[in-house]
Amino acid sequence: MKEQDPVVFVIDDDKMVRDGLQSLIRSVGLQVETFASAQDFLAAKRPDAPACLILDVRMPGLSGLDLQLKLNEAEIYIPIIFITGHGDIPMSVRAMKEGAHEFLTKPWRSQDLLDAIQKAIASGRELRKERQELNEVRSRFDTLTPREKEVLDLVVAGLLNKQIADQLGTSELTVKTHRAHVMEKTNADSLAQLVRMAEKIKNSPRR
Amino acid sequence: MPNRYSPPTKLQVLASYGLAVVLVSVALLVSLALQHSLGNPFWFFFSAAVILSTWFGRSGAGWLAVVYSTLAVMYYFTPPLHSFAVSVSEMPLFLAFVVCEVGVTQLISWRKRTEDALRRSRDELEARVAERTTELRNANAALVQQMAEQKRTEEALQVTRTELARVARITTIGELTASIAHEVNQPLAAVVANADACVAWLAREHPDLVEARAAAERATQGATRASEVIARIRSLITKATPEKSQLQINQVIEQTAALAAGQASRNEVAIELELAPELPPVLGDSIQLQQVIVNLLMNGIEAMSSVTDRPKTLVVRSESQKDGQIRVSVQDAGIGLSPEVMGRLFEPFFTTRAKGMGMGLPISRSIIEAHGGRLWAASNGSGGAIFQFTLPSGDGPAA
């Protein structure tokens, strides 16, 4: 599957700033989409491509920080570069805690911004890759039967086949068969890999 | 100037009696000396003595002269001579003499009394007129002084008022600092972005001149906007005496809204402008009117600080009234005005803010009233407050 070109979203209520950013980012060969408000951004159809978001913190209506929370709630993970005319510490801390990628104050150095964009896109790409892998693993795990899932849980918990058979009230042979199916369906090469995948799925919320 | 009437002193009375005695004695001596050549001249000389005595010495001296001359005539000129008796044959002439003398005295002293009374009343009148004139003059002087004092006080008051308005403006500017920083940084950010973009377009392998030019033009616009912001702030701080000129109120509103935009967005407030097109110009001082609008905007933003359940929108409207006045209103969706607050809104130093000076609204009102308009507050239907002011249009009758 060929990856789409990365997109930079810009949300700022000031048209002059918006146009400037757009020109600047296009000049280095990146795609840009601009929005006058957070609401416009939420309402728009976004391409499924590696992306990053340049966001003004203070905006009338939905503020940048509000949008960040909304995106997090909706589990839309786009690296965010915050820009602000008057960055204050509590605001930066809040933004960073919520996973902001970068925090720049106006007027920023364009090189800093472009670097931040490149990094953000890279990390966005990384994030997408991880997520894709995760989704793959999850879809593989989804093919397990309920009985196989029970066996998997106990295997991951570190129990021996005999102990599992005792717990489930079945024979050791049956457990072995289930276990083989699990390894096959999840495409795990080893027990260690199986455990890692199971942990990953447990730790990340379902999309 | 006529002699002022004054009652005779004791010395004057004595002198008048002496004069009477002297005059009658002179008449006696002259009569005695001339009686042989003239016959009986006492008639003439004594009459003259009595007339003169009465004229210059008034009735007292006149009576003395009459008595003295009668006795002298009885003694020296009526037979029997050298006695105070008067013979029967001489009696008619003697009596006629006495009656004449008495009559003359009475007549003259009556005349004199009338004259004195006249003079007295004239003097009194003059004195009263002089007195009144002095009183009037003093009152006038006092009035002139009072007027000068009042003028000085008024001038001092005007200076104080101007200064207070300036201080209030500067205080507002202080509150607006974050807003101003935003206002200046915003165009600067645009300038930087556009200038860098311009360079980047030019630095490409195939320079894109169209893009570069557009970016450069936007950079120029940004710089212009930044300088305008600074000019606005500077004009707001300067200590200018009010200067009225024809101005478009919508322009003033737009400029002011731009000044407060940062403060608004900092508080997540959206300022909406609903400006009637083609309003007639108003005659006013743009800085002072900006000050009023800034005040109203800041109050509106402040009033909505605790609002979370509805959009924080500040609506600024301008419209033309039927009577030709122009009305500007600032409507918030804030906590509204309690009757207690409403009653005291325009009192100096009344404030609901922790850091407020309580001078914004009183100064705003005095500015609007100085422009011939009115400023008032009301609760709006949806819970917030609405502040409105009117201004006579520049080509209206009240201008």
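Two residues are taken to be in contact if their C-beta atoms, placed from the backbone, lie within 7 Å. Helices (H or I, at least four residues) and strands (E, at least two) are DSSP runs, numbered from the N terminus. Axes are lines fitted to C-alpha atoms, for helices over the stretch in contact, and angles run from 0 to 180 degrees between N-to-C directions.

The model is predicted: local features need pLDDT of at least 70 and side-chain atom pairs count only at pLDDT 80 or more, whereas totals for chains, interfaces and linings use all residues. Residues are numbered from 1 along each chain as its sequence is written, and chains are lettered from A in the order in which they are written.

**Sheet and helix of chain B**

In chain B, helix H6 lies across strands E2, E4 (313-320), E5 and E7, and runs at about 170° to E2(B). These strands belong to an open, mixed sheet of five, ordered E2-E4-E5-E7-E6; two strands pair if DSSP finds at least two bridges between them. Its edge strands, E2 and E6 of chain B, each pair on one side only. Neighbouring strands of the sheet are turned by 15° against each other on average, direction ignored. E5(B) and E7(B) run antiparallel and are joined by six bridges; Val330(B) has Phe387(B) in E7(B) as its bridge partner.

| Strand of chain B | Residues |
|---|---|
| E2 | 270-275 |
| E5 | 326-331 |
| E6 | 374-379 |
| E7 | 385-391 |

H6(B) comprises residues 249-266 and reaches 26 Å from first to last C-alpha, close to the 26 Å expected, where the expected span is 1.5 Å times one less than the number of residues. The helix bends by about 45° at Ala260(B), the bend being the angle between axes fitted to the seven residues ending there and the seven starting there. Among its buried residues are Ile249(B), Val252(B), Leu259(B) and Ala260(B). A residue is buried if 20 or more other C-beta atoms lie within 10 Å of its own. Glu268(B), with a positive phi near 55°, follows H6(B).

**Met304(B)**

Met304(B) occupies the loop between helix H7 (286-303) and E4 of chain B. It counts as buried because it has 24 C-beta neighbours inside 10 Å. Not counting residues up to four places away in sequence, Met304(B) touches Val269(B), Lys312(B), Asp332(B), Ala333(B) and Gly334(B). Its C-alpha is separated by 8.5 Å from that of Gly384(B), 80 residues apart along the chain.

**Interface**

Between the chains, 22 residues of chain A are in contact with 29 residues of chain B. Helix H1 (residues 15-27) gives the most to the chain A side, with eight residues.

Note on methods:
Buried ≥ 20, exposed ≤ 12 C-beta atoms within 10 Å, placed from the backbone.
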